[in-house]
Amino acid sequence: MEQNPSSSCKVDRKTIEKNRRNHMKSLFSNLSSLVPHHSREVLSLPDQLEEATNYIKKLQIKLERMRERRDNLAGSVRMSSDAKARLKRPRIEVNEMGGSVIEVILITGSDCQFMFTEVIRVLHEERAEIVRANYSVKDNTVFHIIHSKIAEFEAYYGSAARVSERLRKIVDIDK
């Protein structure tokens, strides 16, 4: 008995289509696992894709802001010799990121590592929890970024402003 060529073709198309759907399902599952879900309700496929698209757009905007900030910080290194001489003095920037979160950016020369220790000491004295601290080195300049969290009741009593003032005084002592 001979097989009909058209029925063989239909089986192949059905198998190919089934494999394609399974592959798309797998890809969608991977995408869905990478996007944080803010609500517990079950969203339709188009809504989930829109949520993923919006999330990616937000990440792109955040990445661009971080690149601009990095370039601004690194741009302060690419200055005239006068400005470079001034840059050898430590600089500090204290940002309140909302409520009880403080970001400290400390820019020093490679010979001023004690400043980092002093900043950490002040944060601990003010009962701030160090969430993350990292650094990068470019030429002879060290960029420290410290994220810390102050307890809500401490933040209520102006601890963030006190921390900021104390840290600025540390840098001003060396002037």
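Arg-20 and Glu-17 sit three residues apart in helix 1 (residues 5-34), so about one helical turn separates them. Helices here are DSSP runs of H or I with at least four residues, strands are E runs of at least two, and both are numbered from the N terminus. The side chains of this pair meet in a salt bridge, 2.7 Å from N to O; the term covers a side-chain nitrogen of Lys or Arg within 4 Å of a carboxyl oxygen of Asp or Glu.

A word on the ground rules: this is a predicted model, where local features need pLDDT of at least 70, side-chain atom pairs count only at pLDDT 80 or more, and totals for chains, interfaces and linings use all residues. Residues are numbered from 1 along each chain as its sequence is written, and side-chain values use heavy atoms, with hydrogens and water left out.

**Salt bridges**

- Side chains of opposite charge can pair when their charged atoms come close.
- The structure has eight salt bridges in total.
- Helix 4 (residues 114-125) holds both Glu-118 and Arg-121, three residues and about one turn of the helix apart. They form a salt bridge whose closest N and O atoms are 2.6 Å apart.
- Glu-118 is partly exposed at 26% relative accessibility, and Arg-121 is partly exposed at 35%.
- Glu-126 pairs with Arg-166 in a salt bridge, with 3.0 Å between the closest N and O atoms. Glu-126 is in the loop between helix 4 and strand 3 (128-138) while Arg-166 is in helix 6 (residues 159-173), so this pair ties together parts 40 residues apart in sequence.
- Glu-126 is buried, at 8% relative accessible area, whereas Arg-166 is partly exposed at 27%.
- Shared partners link the salt bridges of Glu-118, Arg-121, Glu-125, Glu-126 and Arg-166 into one network.

**The chain as a whole**

- Six helices and four strands make up the secondary structure of the protein chain. Read from the N terminus, the order is α-α-α-β-β-α-β-β-α-α.
- Of the 175 residues in the protein chain, 27% are buried.
- Among contacts with a separation of 6 or more, 51% come from residues 24 or more positions apart; a contact means heavy atoms within 4.5 Å.
- The protein chain exposes about 13000 Å², with carbon and sulfur atoms supplying 54% of that. Accessible areas come from the Shrake-Rupley method with a 1.4 Å probe, and for residues only the protein chains shown count as cover.

**Around Ile-92**

- Ile-92 belongs to strand 1 (residues 91-98) and is buried, with a relative accessible area of 15%.
- Beyond its neighbours within four places in sequence, Ile-92 contacts Val-104, Ile-105, Leu-106, Val-119, Leu-167, Arg-168 and Val-171.
- Ile-92 and Leu-167 are 75 residues apart in sequence, yet their C-alpha atoms are 7.6 Å apart in space.

**Cavity**

- There is one cavity of 30 Å³ or more. On a 1 Å grid over the protein atoms alone, a cavity is a set of points where a 1.4 Å probe fits but cannot get out, a pocket is an open set with protein on both sides within 12 Å along at least five of seven lines, and lining residues have an atom within 4 Å of a point.
- The largest cavity has a volume of about 60 Å³; grid points are joined across faces, edges and corners, and a volume is the space filled by probe spheres set on the points.
- Residues lining the largest cavity include Phe-28, Leu-31, His-37 and Glu-51. Helix 1 and helix 2 (45-75) each supply at least two lining residues, and helix 2 gives the most, with four.
- The lining of the largest cavity has six nonpolar, three polar and one charged residues. Here Ala, Val, Leu, Ile, Met, Phe, Trp, Tyr, Cys and Pro count as nonpolar, Asp, Glu, Lys and Arg as charged, and the others, Gly among them, as polar.

- The largest pocket holds about 630 Å³ of space. It has 19 lining residues, and the closest to its centre are Met-66, Arg-69, Arg-70, Leu-73 and Ile-145.
- Helix 2, strand 3 and strand 4 (141-150) are the elements giving two or more residues to the lining of the largest pocket. Helix 2 provides the largest share, eight residues.
- By class, the lining of the largest pocket splits into eight nonpolar, three polar and eight charged residues.

Notes
Buried < 20%, exposed > 50% of the residue type's maximum accessible area, 1.4 Å probe, protein only.
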